Every structure is written in structure tokens, then in C-alpha cells.
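Thanks for coming. I have one structure to go through today, and I will take it piece by piece. Please have it open while I talk.

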Amino acid sequence: MGLFSRNKTVLVDSDVLIIGGGMAGCGATYEARHWGRDLNIVCVEKANIERSGAVAQGLYAINCYMGMQWDENQPEDHVRYARNDLMGLVREDLGYDIARHVDSTVHKFEEWGLPMMKDPETGRYLREGKWQIMIHGESFKPIVAEAARKAASKVYNRIMVTHLLMDRKKSNRVAGAVGFNVRTGDFYVFRAKAVIVCAGGASHIYKPRSVGEGMGRTWYAPWSSGSAYALPIQVGAKMTQMENRIVLTRFKDGYGPVGAYFLHLKTYTENAYGDEYESTWYENTKAIVGDYIDHVPVPTCLRNHAFLEEVKAGRGPIRMVTKEAFQDPHLETIGWENFLGMTIGQAVVWASQNIDPKHTNPELTTSEPYVMGSHATCSGAWASGPEDYAPDEYQWGYNRMMTVDGLFGAGDTIGGTAHKFSSGSFAEGRIAAKAAVNYVNDIGKDVPQVSEDEYQRLKKTVFQPMENYQIGRNEIVGGTVSPSYLLPLHGLQRLEKIMDEYVGGIGSNYMTNEVLLTRGLELLEMLKQDLHHLGAEDLHQLQRAWELQHRVLTSESVTHHTMFRKETRWPGYYYRGDHMKLDDKDWHCFTLSRYNQESDQWEMEKAPVYHIID
Ligand SMILES: Cc1cc2nc3c(=O)[nH]c(=O)nc-3n(C[C@H](O)[C@H](O)[C@H](O)COP(=O)(O)OP(=O)(O)OC[C@H]3O[C@@H](n4cnc5c(N)ncnc54)[C@H](O)[C@@H]3O)c2cc1C
């Protein structure tokens, strides 16, 4: 009898199951209760919702707020902005839907106790930029989590979801999820009528700039492990824009944010010799992307492109000119507080490297790529749009339902909708939950059935790495390396190396081509075969093992999408060396993929981009 049989199985019934209690998950849990007063609403989170997800450490700004009450912006303006930044390709129906609801979400945050900075003259929220408002946000996440905790029938913390369960009667319908408690090792079977995946984005797909002792230092949260993509991919949900991974320009070594510096402190960048450099790359960029370089504001990826070219030309490092702004004591305070509320590590790095921004202009760098759906990027699941606004082709069911019945998503999970950030992710969680409650009410007694055979089979699969370790460790004669198993860390480093070298990471200056991608896929396939031999010595390592599995599937998706889109749509995020130009004629479209787990094959297709807003 295997080791896994010693782990207790706990069965949990729910009407709406929310996977991941970050920004989107808390929004979904809160709203599900509003529309489903008598429903059983369960939220499951691999950490503790009090401080989980990308907002764990707090934020200093809410980056998506229209200000409609003061006529500052309208939802249409936000769609135009996101479309421009993503080089023309966004789901305008989904973006509009978030923009029209996001203000009320922000008002809720204030009602729940989030300290908002106010303009002393107008009394309005203090703007950092056209879309950003400033907050004292160290406790942003606990405030949001409290609303979710009060709304949920139950929150299960410390349970990592590894697989979704499918209905035994209808092949394309979700029926719940399974996972394990990372502290007790209990195996959980969540039966649900509807599931909302809110499991955040993906870091550690690509080799990070900080390796070895600094490995945990990434820009996106190191615990964002691609579950948001892998869970739906495993059950055949369509994904979109997975090639649109993001590269961030940030302060070097600490990945400290630059937004408040540019927007509020009005700092600017210069090359090693004190020269402005962006304009010198205008013709070069125009040759790749045409008129997109003339758009205002300049799309994020194109600003990266100028940075990368300047460094390649030997005129790095690029520095942020802080010396001028920091002479003003008020701006100096804002500059430091910006880190203290969000990325304390950057202040520590500067202290350790003798950098006082009042006297030294700090270096910037470009990050390794991340996969996410809520920032200046829009990777994620292909979702049905709002009934009153989406074109027919974008509508096959309930709002935010994926191409699997009963499976919804929000935040980083959903593709095509860039620039939603913390507030937009919460708002999208609310939108998805309202639709999921409608779905549950509509199915009535036709509820999905979970097969015991299926979850017993998954239980064996989930705990297999511990079984592998128990057996394999007997073969160790020295050190920790066994001939028969692979440790999660070794698998992760192998994945990061493949993605870095073949799929356009920092090591290749974000460059790839069909030959490299083909080889990358071969190596990923070999890695996948070896993942059957993952060994986990304890529950912590078991979690690492399943995070790795999710990262590998996410990476495979990124690689197939990057191969399919034969153009360089976002120079500065990545380059196809064999198709160095943007090609609007053939590629002004979304890329879609569907993974078939049985055959281990990926089907790729194009979907039209509809411009609904003028
Ligand atoms: C460094 C940084 C700075 C940012 N700055 C800003 C800013 O200034 N302003 C702003 O508005 N936004 C900012 N954002 C963006 C914002 O944090 C994200 O847009 C938002 O958190 C996305 O919400 P989400 O719910 O999709 O993901 P998250 O909030 O990350 O939540 C995902 C949740 O899922 C859980 N989870 C993951 N996998 C599993 C699994 N398998 N089983 C169970 N649970 C799982 C995670 O633990 C987590 O709690 C920033 C993000 C980062 C990382």
C-alpha cells in the first residue's frame, strides 16, 4: 500500500468554489454572497488570504480608477488606453466591463477602511497619474480579505489546488477541484456547481536576474506559480495571448516600482553619459512597428525596446535621475514611502549598496518575463463577454465563463484584458461571481457529479512525489542527489534555463525564433517526462513539486503561442528574430490554444479582434 493512502480524504460540498483568495478571489467571494444569499460559497487558498497573493506586502497606489464621479475619465477612455498600450490587441468588451464597474469597487475599499490620499484642495482622491490614485496601502490585503472572510461560508487556507474535477456525465463541464493541505497533508475534494479560478499569474517561468541566494527576489510574487493557467489548461479550456508575457523596467536588484517616480516625482531616465536616449531609437522602432511608435502615451513595450537597444549599444547603465526631485523634502518622503508600502526590499538594497537617491542616480534594469493578465499584459483564459456588450463571437455563455461549462475566472486568470491591476482584478472577481451565481441558479437540479474513481486516481497522482522520495532516498549514497528522482528545485532551474535560452529570456536579450522554439518544446517535453519522477521529502516540497508542474504547463503554452504568432508584435517584451516586424495584415488578431491532455497535443487558432470603441 502506497504512502498516499495514509492521507485523510476530506470531502467539501459547495455551490460556488473560488480557487485563490487574492484580489480577484476576494472580490469573487464577496460578490457571490451578495447575489447568492443562501448559497454555499467556499474559497480555497494555498497560503492565508490575510496576506496572500501579489498584494501581500501592500501597495502604494491603486492603478485603475476612472474617477467618473468627477468626470475625470470614462470607461471608453480606459479601453483606448489599454488598446494602445497593448499594440492594438485587447478584448474591448471585457475591458469596458471592468472599467464601468471599477470605481464602485474602489469606493468599497475606502468604506472598509483603506486610507486613501486626498487632494487637500479638491477633496478628490490624490492622482499619481491619469489612472492611478495614491493610498496608504500597507494593509490593503487584510482589509480586502476581511470582506471575503465575512462573505464566505468557509475559507480554507493552506490548501494548494492541483487539479480541477470534471463532471462524470457531461464531458465539458467542471465539477470541482482537488488539492492538499500543505501543513497536514489531508487530501481535499471540493465538489462544486461552479468554479472561479483566481490563482494569480506566474513568476519563475524564466530564469530570474537574481539567482542563487537572491533567487526569491523577483518582481512578480515568487509564489505566483501559474496555477491560474495550468488548472484550466489541464481540462481543455482555451487560452489566449500567452505569448504576451511582460518585461518590466524597474530599479535594479530590488525590482522597486518606478511608476510613482515617473508620474509623481517627475523623475526621468538617462544613459551612462547623462544623455536622453529614447528619441534616438525612434527611427529604429518605427521600422519595426510603424505608426505605433507615434501613439501617445508610447506603449510600455516600446519604451523597453529603446532601453534595451541603448544598453546593447554600450551606453548603459540606464539611470533614473532622482537627484533633482529628492532635493524637495516632500518628494523625498514620497520616494521612500513608495517602497515602504510596497517593496521594502528596494530600500534595503539601496542602503546595502550605498545608494542615497538624493546624491546618486540609481540604476534601472529590465526584468525577466512574467506571465500575467492584469498588468501591461493580457495573457490568460479565453472568456465569454458581457451579455449587453460583447460581439456574438465572444459570447457563448455566462460573463467570464471559459470554454468549459461552469468554469469562470478573474484577475490574472483572464486573458485579453490588460491594465486591470488590483482594483480591476477585484472588480472582475465580482463580475465573474455574479455570473457564476446565475449559472448555479440556472442549472437547478442538473448538478455535476464527481467520480470517486477520478478523485482517488488524482489522490495517488498528487502524493506520488512523496512516494518517489520514500523509495528513492534509499539509493542515496552521498549528498542529496538520487539516481531515481528529481527534486523540485532542480526541475525549476531546468525549466528556467530552457525558457531563458530558447523562448526569449534575459540570457538571449528576449530574442527567439522558430528553430529555437522548436528545440525549446523538445526540451520541455523531456522535462515533462522527468516530472513523473519528482521527489518530495515533505509537504513543503510537495507544494513545490505541484507548483513546478503548473509552471511547466504554463511555459509550454507560452512557447506554443510564441511559435504560432509569426511577427514581433511587442518589441521590448520579446522578439521573433525570423519575423522582426509587426504584421497587422496577418496578425491583428488574438492567438488561441487548446491543450488535449489525452493526446498531449496543442491546437492553435486565430480569433478576430473587434474594435468596439472608436
Ligand atoms: C510588485 C507588484 C506591484 C504591483 N503594484 C501595483 C500597484 O501599484 N497598483 C495596483 O493597483 N496593482 C499593482 N499590482 C498588481 C496587482 O497586485 C495584481 O493585478 C492583482 O493582485 C492580481 O489579482 P489576482 O487575484 O489575479 O492575483 P493575486 O492577487 O496574486 O491572487 C492569487 C491568489 O491565488 C493563490 N493561489 C495561487 N495558486 C493557488 C493554488 N494552486 N491553490 C490555491 N491558491 C492558489 C495565491 O496564493 C494568491 O492568494 C502589483 C503587483 C506586483 C507583484
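This is a predicted model: local features need pLDDT of at least 70, side-chain atom pairs count only at pLDDT 80 or more; totals for chains, interfaces and linings use all residues.

Next, strand β7, residues 174-181. Why can we call β7 largely enclosed by the rest of the structure? Because eight of its eight residues are buried. Its pairing goes two ways. With β6, residues 159-166, β7 runs antiparallel over seven bridges, and Leu164 has Ala177 in β7 as its bridge partner. With β8, residues 187-197, β7 is again antiparallel, over five bridges. There, Gly176 stands opposite Arg191 in β8. β7 and β8 form a hairpin, with five residues between the two strands. In the turn, Gly185 has a positive phi of about 80 degrees.

Now a single side chain, Arg551, in helix α15, which spans residues 539-564. What does a buried arginine do here without a salt bridge? The nearest side chain of opposite charge is that of Glu547, at 4.2 Å, and the salt-bridge criterion asks for a nitrogen-to-oxygen distance within 4 Å. What the side chain of Arg551 does reach is the backbone oxygen of Ser203, at 2.8 Å. Setting aside neighbours within four places in sequence, the contacts of Arg551 also include His204, Ile205, Pro222, Ser224 and Ser225, along with Leu492 and Leu495.

Last, the ligand. How many residues surround it? The number is 32, and the closest are Glu45, Ala61, Ser374, Asp412 and Ser422. A backbone N or O atom of Ala61 is 2.7 Å from a ligand nitrogen. For Ala24, a backbone N or O atom sits 2.8 Å from a ligand oxygen. For Asp412, a polar backbone atom is 2.8 Å from an oxygen atom of the ligand.

That is the tour. I can go back to any part of it.

Conventions: Residues are numbered from 1 along each chain as its sequence is written. Side-chain values use heavy atoms; hydrogens and water are left out. Buried means under 20% relative accessible area, exposed over 50%, partly exposed in between (1.4 Å probe, protein chains only). Helices (H or I, at least four residues) and strands (E, at least two) are DSSP runs, numbered from the N terminus. Two strands pair if DSSP finds at least two bridges between them. Lys and Arg count as positive and Asp and Glu as negative; His and the chain ends are not counted. A polar contact is a pair of N or O atoms within 3.5 Å; within protein, one must be able to donate a hydrogen and the other to accept it, and residues adjacent in sequence count only if both atoms are side-chain atoms. Contact means heavy atoms within 4.5 Å. A residue is near a molecule or strand if one of its heavy atoms lies within 4 Å of it.
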